[in-house]
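Morning, everyone. Please look at the sequence and the fold first, then I'll go through a few local features.

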Amino acid sequence: MSEKKSVFLETHNINNRATGLGTFNYELIKGLNQLSFDNLQIHLNAGKPELLKDEFDDKFKYHKYRSFHRYKPFRPVDKFDLWHSVNQNSKLEPRTDTKYLLTIHDVNFVEEISADMNHKRNRLFLEKLNKATAITYISEFAKKQTHQYFKVPNVPEHIIYNGNPISTLLDTTNFVSNIPVDKPFFYTIGDFIERKNYVSIVNMMKLVKDFNLIISGNNSKKYGGVIRKLIDDNGLQNQVFLTGKVSNEAKQFYMKNCTAFLFPSIREGFGLPPIEAMSFGKPVFLSDKTSLPEIGGDIANYWSDFDPEYMKNILFKGLEHFNDHKNELEPLLKKRAASFDWKIAAAEYLNVYHQILK
């Protein structure tokens, strides 16, 4: 019997499940756990590896991540046949030369920080690119954006879409919301950073009187202050509500009970929340920027600009169409959500591992 090949997944971002990267790491591992890979030994990296071991038992090998591992002299000494950098921003790298798979979620940092290739962030990313044996992207947009800003080496490239994080629909009948839900409401969830463009939907709500807007996510950040000021300055305190971070039960409650899901992000490598909302058959209204048309396909509604009156018109025109064809559209939305499957994604990553290790 041939010796198993070792694959190291640099998954320390799993520590923060509330972020897109944390979700990606966890869901990829869950997907791999459902598959057979007898000829591979997959190693996971985490700040609390014991939690992963409790959940996945002996399916994987586990390594404890410590922050000083990011520095060259303290990199892991173990030798692996393949190193999978599952996040293009990770500072942890292999100590020795090995086959290297780089997963790119987006290169928004080029636009947000600097397009100067001598900027430290860009130089670190270029180092990763240039050592890659193969590259996976989470969307066509992520690939296009990477090629736009960087000279990509001539290595195999693959598009592997993320799966739907909602694998189980929870019973939310006993959930009690700490904000009012006695009036029809729109919902959105995500990180409180400027590119999420929450300003646009808060401004739109000035023109919408019969609905509330609920926004979930860590609003203690700087952009949270911007949104709170906008709400206060426009007297929307009884119409626009910030929940802060929410549990899975709370998120599913708001998605299940909202009138529509709004996601006006202007830069998105993928965009998981609209997929989650479609799982409940909810109409979704998205920005037509970056990767979001890949997510919503022809079943979503799109804003091409963020004028409040225009956004309101698109919203209510889309809602009217949805309500007129609800029996047809709800199953199509759920089918679209189900097409994004973590088990399928994990199988595609396994296939790439095998291709690299041939």
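Start with accessibility: buried means under 20% relative accessible area, exposed over 50%, and partly exposed in between, with a 1.4 Å probe and protein chains only. At 24% relative accessibility, T290 is therefore partly exposed.

Some ground rules. This is a predicted model, where local features need pLDDT of at least 70, side-chain atom pairs count only at pLDDT 80 or more, and totals for chains, interfaces and linings use all residues. Numbering runs from 1 along each chain as its sequence is written, and side-chain values use heavy atoms, without hydrogens and water.

Back to T290. Its phi is positive, near 50 degrees, and T290 is not a glycine. T290 sits in the loop between strand 12 (284-287) and helix 10 (292-296). Helices (H or I, at least four residues) and strands (E, at least two) are DSSP runs, numbered from the N terminus.

N197 lies in the loop between strand 8 (185-189) and helix 6 (198-205). N197 is buried, with a relative accessible area of 12%.

Now strand 4, residues 82-85. Both faces are covered: L82 and H84 are buried on one side, W83 and S85 on the other. Two strands pair if DSSP finds at least two bridges between them. Strand 4 pairs with strand 1 (residues 5-10) in the parallel sense, over four bridges. There, F8 has W83 as its bridge partner. Strand 4 also runs parallel to strand 5 (residues 99-104), joined by four bridges. S85 has L102 as its bridge partner in strand 5.
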